[in-house]
Amino acid sequence: MMFSTIKPLPLNVKHQNGESATSLASRLARRNGVSGMAMFLSDFGIDYLKLSNGDQEDCARLASLAGVDQAELHRHTPALVSPGWFRLGMEEIKFTAFSRTALKSCPQCLQDASNQNDAAHFGIWQLTSIRTCCLHGCYLTPLPTSSGTRERFDVIKLTSGFSPPKPQIANDQDLLFEHYLRNRIKKGPGKTWLDRLPFHVAAQTCEGLGLLLTLGPKARRETVTPAQWAAAGTAGYGVLRHGPDAFREKLKEIQRAHPVDNTLYRTRYRVFFEWLRHRDDDPQFDVIRDLVREFIFRNFPISEGYIVLGQPCPEQYVHSLSTARSRYGMSGWKLARRLASMGLAERKTSGQGFVLTGYVPTEIINDIATDFDDLLNAADAGKHLGVERFMMTKLTKPGLVEKYFDEKNASPMYHPRDLDGFLGKLRARVERPKSEDLLDIATASHRVRIPTERVVEIILRNHLPLHAVDPATTRFPDFHVSLAVLREVIAADHHGTVRPTRAAKILGINIRTIRSLMDTGVLKSCDIEELNSGRMRRYVCAKSMEQFSKSHISVVELATKSGRLPSVEAVIQLDRGAKPLPLDPRANMIFRRNDVL
């Protein structure tokens, strides 16, 4: 509605950009000698309550009296658009983001005012999360509260006789979050995950999470200063601006910073969790609630049916030592030692008992519980392999056969899966015999005067061919090795090295590539005196070969996996930007696994 017939008042004030309608009305009232804003508005037929709620018609009438742009005045005044929701600038904001019953103002603005009528109040200052004056860069200070509702927005009356404190300048680095909120009001929300959250959800979640990050879980919200709130908001914004995955990772980082014990998740996230728990009456927070609840379910030992943020846990995803013992009725001693063998637990510094490195997934606990029923002692494990107990000890000591419990003092127990894995490595070496001097491994070790376990290590490290009548059912005593081949390799197996030609065969690359890899230091080499000839030869370090196989891959192996020709595979990988190792031009092309897989 236009109010072209209303002329500006003779006694007027200078409107300030960003000023709210109630601030302008309060200053006009005082300029015209009226004791209160409510009486002034009544004289001109403007409804006080409607104006304080940004009613467009009443804002337009006031704008005409002040001689200012109606749209500009309305834009900077929180305007009620539906029950509980206000429009300010380009945002629709829930009332819970505002502090409309306790106004704040800039102490520097109040001090600089040549007279009381010059100190304007800005609509954006009604937002709880806006804590500074963008003109002076200082924190806002609370104004005295009114005795009645009709004086709540009468800023001139509120500041009458008020002596503002010394301005506290804000740290620019702590205002990134506030800049983000101001930008949303000025331009509207963007398209990121944080922008898609309602304004009040984004603002309060940034501050709630940031409070946990900056002051810790025991922080008390009622004692937090404006400067601390600003720092907290920026800390939370620094995480949430990167989306939900960054949010989860930060929650996980907080969890990892504390030792795994029997304390609940609330201990680690208390100030944030308690705040979120009290937002249960606002469905707009469901996206945050759901994310946090799912994180807690999957990262803490929450039992099935336990209520977290209003919803029951559908199943238990992870366990502590105590919950696993209780749930599965298994031996805590065995469980802790098995988890230690898997790198999921470690001995306490006192040496008494174990502590988890992290809560253990239910799937792993299920597997361990099943494993316990199948464990074999050393005698029974020996029968599984077809050897006596003393041989089990010899094969176990260097780690050829894996113990289920890795502790030195633990009685040796074995799982059939690990025993079959050992036999599987030997079965993988079975080829058609090319010689007649075949001996079982134990006899061959006696002939070469080397312990059986060392011979097994040499066979596996050098990929020596074995012979067996029926590989599928063969047990340890049934594997045979060529004595001549074994002696030849032993002669070269000094200091854990492998002859270059055998290294080429093991790695599936040509001899030129082996030499080039040694020349460039990718494969480590040692000069070895050959027992037969007495000559010094360059051999490949076996451990270096193992490391190379884990970190690099040849174009030949890539082609085998993809079913393409090596030349075609090379072109494809080069087109994708993968860079091969700088080797001899006649060498096979070698890539880093991380670049191509």
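The model is predicted. Start with the side chain of E569, which is buried, with a relative accessible area of 2%. R564 itself counts as partly exposed, at 33% relative accessibility. Next, select E557, K561 and R593: salt bridges that share partners join these residues into one network.

How many salt bridges does a search of the whole structure find? The search finds 23, and two further examples are worth a stop.

Select R27 and E19, whose side chains meet in a salt bridge with an N to O distance of 2.8 Å. Are these two residues buried or exposed? R27 counts as buried because its relative accessibility is 1%, under the 20% cut-off. E19 is buried as well, at 0%.

Then go to helix α14, residues 286-299, and show R289 and D286. Their side chains also meet in a salt bridge, at 2.7 Å from N to O. The two residues are three apart in the helix, so about one helical turn separates them. R289 is buried, with a relative accessible area of 4%, whereas D286 counts as partly exposed at 34%.

**A hairpin**

Select residues 79-82, which are strand β1, and residues 85-88, which are strand β2. These strands pair in the antiparallel sense over three bridges. To follow one of the pairings, find A79, whose bridge partner in β2 is R87. The hairpin has two residues between the strands, and G84 takes a positive phi near 85 degrees there.

**A sheet of three strands**

Move on to the open sheet with the order β17-β19-β18 and antiparallel pairing. Which strands stand at the edges? They are β17 (497-498) and β18 (525-529). Each edge strand has a single partner strand, so one side of each is left without a neighbour in the sheet.

Now highlight β19, residues 536-541, together with β17: the two pair in the antiparallel sense over two bridges. V498 has V540 as its bridge partner in β19.

**The nonpolar cores**

Show side chains for this stop. The largest nonpolar core has 81 residues, and L127 and F247 are those with the most contacts inside it. Helix α10, residues 199-215, gives the most to this core, with eight residues.

Centre the view on L127. Not counting residues up to four places away in sequence, L127 touches L88, I93, A97, F98, K104, I185 and F199. Then look for a second, separate core of 34 residues, which includes M392, L439, I441 and I459.

**A buried loop residue**

For the last stop, select Q126, in the loop between α6 (107-112) and β5 (141-142). Is Q126 buried or exposed? Q126 is buried, with a relative accessible area of 2%. Leaving aside neighbours within four places in sequence, Q126 is in contact with several residues, among them P78, R100, H121 and F153.

Technical notes:
Residues are numbered from 1 along each chain as its sequence is written. This is a predicted model: local features need pLDDT of at least 70, side-chain atom pairs count only at pLDDT 80 or more; totals for chains, interfaces and linings use all residues. Side-chain values use heavy atoms; hydrogens and water are left out. A salt bridge is a side-chain nitrogen of Lys or Arg within 4 Å of a carboxyl oxygen of Asp or Glu. Buried means under 20% relative accessible area, exposed over 50%, partly exposed in between (1.4 Å probe, protein chains only). Helices (H or I, at least four residues) and strands (E, at least two) are DSSP runs, numbered from the N terminus. Contact means heavy atoms within 4.5 Å. Two strands pair if DSSP finds at least two bridges between them. A nonpolar core is a set of buried Ala, Val, Leu, Ile, Met, Phe, Trp, Tyr and Cys residues joined through side-chain atoms within 4.5 Å.
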